[in-house]
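Dear colleague,

Please find the structure below, handed over for your own work. A summary of what was found in it comes after.

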Amino acid sequence: MDLMSKLTISASMLLTGFVIVFSVLVFLIFVIWLLGKTITGAQNAATNRKKFKVQQSVTTPQETTEPVKTEEKVEKPVASSDTSEEIIAVISAAVYTMYGSKEKVRIKSIKKSSSRSAWANAGVLRNTRPF
Amino acid sequence: MEIIQNFLNAIQGILQDSGLMSLGWQNYVMIGIACVLFYLAIKKEFEPLLLLPIAFGMLLVNLYPAITAPDSTTLMNAADCIKAKGTTEGYATTVINGVQYYNVPHYGGLFYYLYKGVKLGIYPPLIFLGVGAMTDFGPLIANPKSFILGAAAQIGIFITFIGAIFLGFTDAQAGAIGIIGGADGPTAIYVTTKLAPELLGSIAIAAYSYMALVPIIQPPIMRLLTTKKERAVVMEQLRPVSKVEKIIFPIVIVVVISILLPDAAPLVGMLMFGNLLKESGVCDRLSKTAQNELMNIITIFLGTTVGATATGANFLSLSTLKIIALGLIAFMMGSACGVLFGKLMYKLTGGKVNPLIGSAGVSAVPMAARVSQRVGQEENPGNFLLMHAMGPNVAGVIGSAVAAGVLLNVLR
């Protein structure tokens, strides 16, 4: 193989490999992104529909018996829409357990913590410690 | 007197058949190399699951070369056949110049048959089946941009291809050497058996050795190409990935890649099939078999037979030294390109991506991701990059399979 042939085959392989590998993987990025959006959207819609149905089934009988009280409940949302009632119940129970039955505890808001606790750090460290 | 003569004849026969008379100096050198690999595998725990079978295959073939001998047929006339086998029945016949000969088969050595799985490209995809069943693609699905880093780390393959061409290898051999940069053992073996089977021993040993040396090779490159500030970047937590996404992912990947690059279909197909077995949640037994028993059996067959290709005559040559040097370059280039693309993503995202995760784009799962984690923690002990690095890491597996498809398509 002479120098010119070596240069030609080297340049063409580099170009072909670079372009095809990147094109295929960039295309996969788009496909996976689209897939994620579609599925997340569909799941959110399904969750919202479920919540709406639950709300309807709860509010309808109350409206017939005590319409005024129901209005008060609607005006005072106890949690943001992305926190489920089960999570609130678990957190409330944990807080209540920590403070004991003598303290009056009321959960006003629940926010995601940006930094990990010492316990969480220790757990993550244990699971991810390399070598 | 006759008894003593018979005894001496027997001893002479045994000595003539023994390794003392039949083995050359190259075989003894290879036995020494096998012992070094034993040390690295057992004492240093460098990829022991593969290095140990490879070293044992290497040891065995250099002690008893006939273990890889192919099967053959001897033509015997009726008298010889009866003398040797006691009968002529059951043997196919061939007539030459009016004389009838019987085709008496001689069976090949154990590794000759086991090696068929390598030669026919059966073992590497089966290893990928197990790898798929053990891999969680969640980090990649949560952050598909990781594919870019998985692609960037494959550039080393094509740069090494150029180096191999200029060192006098043929284009097919250069492609097989370049794939070492993909840092993926089964892919390297698969491509080499198709493009340059004569280099299989050297390439497989170079590939697995460098994969084992990832924690030593990568950190200096990562530190050299990044600033302290970049290494200390704490990345945002990845979004949770739903079960449905994890189930659809392998199906989508196999459809896309098989349509675009059919040559990569056996590797990617089995990888994704293994992953689907795991994620579907309905094939628990199959998933466990793929991850454990099947994977272990194939690993033993693959390791020993690949090791058995490293005979003294094959391995001890200048081309092996060139392959080892080029493999190191491929590995370093792949890691460097991954980090450089990580830096690019760092700039484009306004400092949200830690460039250290780029080096995990060379496959070597999960070692390369662990190295990213470790180097990141040196700057900031509270920084946990492992899951972020797993995205490019598993993208690298897909990326190297795609690169293998390109090489096979162009060079075969």
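Predicted model: local features only at pLDDT ≥ 70, side-chain atom pairs only at ≥ 80, totals over all residues.

Residues are numbered from 1 along each chain as its sequence is written, and chains are lettered from A and ligands numbered from 1 in the order in which they are written.

Chain B holds 24 helices and three strands (DSSP runs numbered from the N terminus: helices are H or I of at least four residues, strands E of at least two). Its C-alpha trace spans about 90 × 45 × 40 Å along the principal axes. Of its 412 residues, 53% count as buried, that is, with 20 or more other C-beta atoms, placed from the backbone, within 10 Å of their own.

An automatic or database domain assignment divides chain B into domain 1 (21-68), domain 2 (72-106) and domain 3 (114-411). The centres of domain 2 and domain 3 of chain B, taken over C-alpha atoms, are 51 Å apart.

Helix 1 of chain B lies largely in the open, because the number buried among its 16 residues is zero.

B:N143 sits in the loop between helix 9 (138-142) and helix 10 (146-152) of chain B. B:N143 counts as buried because it has 27 C-beta neighbours inside 10 Å. Leaving aside residues up to four places away in sequence, B:N143 touches B:L238 and B:G391 (contact: C-beta atoms, placed from the backbone, within 7 Å).

Yours sincerely

Terms used
Buried ≥ 20, exposed ≤ 12 C-beta atoms within 10 Å, placed from the backbone. Contact = placed C-beta atoms within 7 Å.
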